[in-house]
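Please consider the structure shown below. The paragraphs that follow lead through some of its features, one region at a time.

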Amino acid sequence: MSSSVEAITVLSSDGDEFKITVSAAKLSKPLNWMLEDVCFSDDCDEVPTIEVNSKTLVKVIEYCEKHAPRANSGASDSDAEELKKWDIEFMKMDVKDILFHILMAANYLHMEGLYDLACQTAADLMKGMTVSQIRKIFHIKNDFSSEEQEQLRRQHPGCSFD
Amino acid sequence: MGAAISLQFILATGIWIFPVEVAWMEALKQEELRIDKRSFDLIPKDIFDVPIDFLELLFDHLSFTDQLQFARCCKYLYSLAIRRPYPKARETPWLIGLTEDPPSCERIYNQVTCYQIGAKSFEHSHLHIIGSFKGWLCVHYGYNLTQLINILSNVHYDLPPLSTVKNFVPSEIKHIRAFGASFCRFMRPNMIAIVSGLGNLGLFKIGGSKWKCHIRKEKYVNLTFYKVKMYAVRKEFNQVDIFEIDDNLELSLVGAIDCSEVIRNSLPPPFQAYLVVDSKDNLFLVLQHRKMFGSVLMAIEFEIFKTRDGKHLVKVDTLDDQIVLLSDTCSEIIDFKDCLPSTFFEGNQICFTTGEFDHDFGIYSCNDETIRWLMPFREMYCLHWMFPRFASQCTCESHPAC
């Protein structure tokens with residue numbers, strides 16, 4: 001790839017075009033490989049497709065652009081703290097609507113940091129919840145019989161099934 | 001005969017090829033449809049569609065009470081929770097201690113709050129905690145029974161009483177110097193090793209019937225299991241001996257780490273040396289320097305050494321954002337990112353207990369090289385730091401009863 005290219009264009013799975021800076025794209029291994037293999041200069045018309053829908057890709061690119069400076073050059077503790085706060089705001093989203101999409105995209109794009117963040121967000125959502133609340137939020141059907149539930153209750157008396 | 005065999009072979013081959021080919025063509029058609037739709041159809045519709053490693057990671061990010069709630073949502077999650085390898089929980093390190101009246105085991109938080117651990121095992125009198133490791137406690141009841149207990153998973157293994165270790169004199173099992181255990185990937189113990197009060201080595205294989213004792217010319221003060229071998233620190237602190245252990249618990253000395261230079265350049269005795277292995281497979285040697293204050297021996301400083309090439313020790317200033325839990329008999333290292341957010345704990349700390357009187361315990365910060373002494377709990381004894389962990393179900397030959 002020509003070193004003069006600062007941003008590249010990629011297509012989402014719905015066919016929309018998105019721009020991402022080269023430094024941000026380097027956060028993803030597949031995108032990084034793409035940077036080496038695909039021609040991104042002005043005289044090439046090949047636009048690679050990322051198998052992530054537009055709504056998710058917007059968020060993924062936003063994450064990459066924010067994290068790229070720290071990943072590429074390192075940062076002070078105060079920057080890291082600020083980035084942590086930004087991550088919390090960034091992940092305030094509806095589970096069903098987009099969290100799973102972000103998770104799958106992070107997995108597909110080999111983005112360990114985003115994958116871990118999605119995991120932590122899902123874990124934070126569950127903090128202190130009852131079994132019924134978790135079932136509701138993740139649409140899980142209870143397939144335990146009442147006898148099995150009773151047995152589990154006896155095994156770990158500290159936890160409720162409510 | 002040859003033709004008959006060939007025909008049978010062709011018929012058999014044909015029978016097998018046909019359905020495979022059809023299935024393959026069908027898969028190809030589906031893949032084409034998927035690409036045509038450009039529909040990123042890997043997006044999960046519910047939590048069961050997400051990769052299994054994500055669900056395992058999700059469990060690891062939860063505290064153990066949240067893990068239990070999540071596991072009880074449905075059979076699939078329950079089965080995943082109790083069978084996943086390397087189970088972890090996001091928790092706070094516990095400082096646990098025993099009380100005599102009534103006999104109980106308690107964990108202590110933030111210097112002031114005590115929670116009684118309601119396991120039946122602790123209702124015996126004459127209890128003694130030999131060591132704690134990876135969520136397991138090695139508990140000694142009088143001289144008749146020794147058990148390994150995982151409080152959270154409610155499981156235990158009976159060990160032969162230490163009094164049955166052949167060739168150990170009674171006095172040397174009163175105060176065990178060090179305790180170590182090796183684990184399978186489901187965090188069930190495979191093997192236990194102890195250093196007796198006189199510096200001799202004792203080994204027990206889970207599923208076995210008796211302890212194997214090794215009385216060598218060299219005496220030891222600490223040990224750990226590392227890369228399928230046992231590492232033991234000599235009493236003189238000048239060398240760490242590396243042993244291979246065979247199926248009959250016989251030891252073969254296969255190498256050594258020379259510590260003489262480290263000790264020569266270190267502060268003068270008294271000190272204690274501990275071996276700890278982190279999750280990234282690094283072996284550390286931690287030196288705890290001590291000083292007599294009146295009649296009490298207290299920790300004053302710590303030095304950390306990391307092994308390079310399995311032979312050399314290099315002094316380091318940091319624990320790579322990890323926390324070492326040190327007790328006289330046992331030590332382990334945990335990742336700070338596995339801990340629940342707390343104002344009490346941070347990375348690069350050594351949480352320690354020192355001495356026989358059980359009232360010297362504190363937290364050493366490698367960042368500013370200071371010790372924060374914790375309020376003494378004089379009514380408690382056998383104080384140990386531990387990091388609570390579940391043990392998963394395991395079907396290996398050492399753990400048939402799981």
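In chain B, strand β14 (residues 239-245) and strand β15 (residues 251-258) pair in the antiparallel sense over seven bridges. Strands (E, at least two residues) and helices (H or I, at least four) are DSSP runs, numbered from the N terminus, and two strands pair if DSSP finds at least two bridges between them. The bridge partner of Val240(B) in β15(B) is Ile257(B). Five residues lie between the strands of this hairpin, where Leu249(B) takes a positive phi near 65°.

This is a predicted model, in which local features need pLDDT of at least 70 and side-chain atom pairs count only at pLDDT 80 or more, while totals for chains, interfaces and linings use all residues. Residues are numbered from 1 along each chain as its sequence is written, chains are lettered from A and ligands numbered from 1 in the order in which they are written, and side-chain values use heavy atoms, with hydrogens and water left out.

Over all chains, the count comes to 13 salt bridges. Another of them joins Arg84(B) to Asp60(B), with the closest N and O atoms 2.9 Å apart. Arg84(B) lies in the loop between α4 (75-83) and β1 (94-99) of chain B, and Asp60(B) in helix α2 (residues 52-60) of chain B, 24 residues apart. Arg84(B) counts as buried at 2% relative accessibility, and Asp60(B) is buried with a relative accessible area of 15%.

A record also describes part of chain B. UniProt, in an unreviewed entry, lists residues 48-81 of chain B as "domain: F-box"; its annotations may be inferred rather than shown by experiment, and its positions are given in the numbering used here, with feature names shortened. In the model, this span of chain B is 71% helix and 0% strand, and its end C-alpha atoms lie 14 Å apart.

In chain A, Asp87(A) is found in helix α4 (residues 77-90). Leaving aside neighbours within four places in sequence, Asp87(A) is in contact (heavy atoms within 4.5 Å) with Tyr63(A), His67(A) and Leu117(A).

Helix α7 (residues 131-138) of chain A has as its buried residues Val131(A), Ile134(A), Arg135(A) and Phe138(A). These residues lie on the same side of α7(A) because they cover an arc of only 100° around the axis, the arc being that of the directions from the helix axis to the C-beta atoms. An α-helix has 3.6 residues a turn, so residues three or four places apart point the same way. Just after α7(A), His139(A) takes a positive phi of about 55°.

Definitions and conventions:
Buried means under 20% relative accessible area, exposed over 50%, partly exposed in between (1.4 Å probe, protein chains only). A salt bridge is a side-chain nitrogen of Lys or Arg within 4 Å of a carboxyl oxygen of Asp or Glu.
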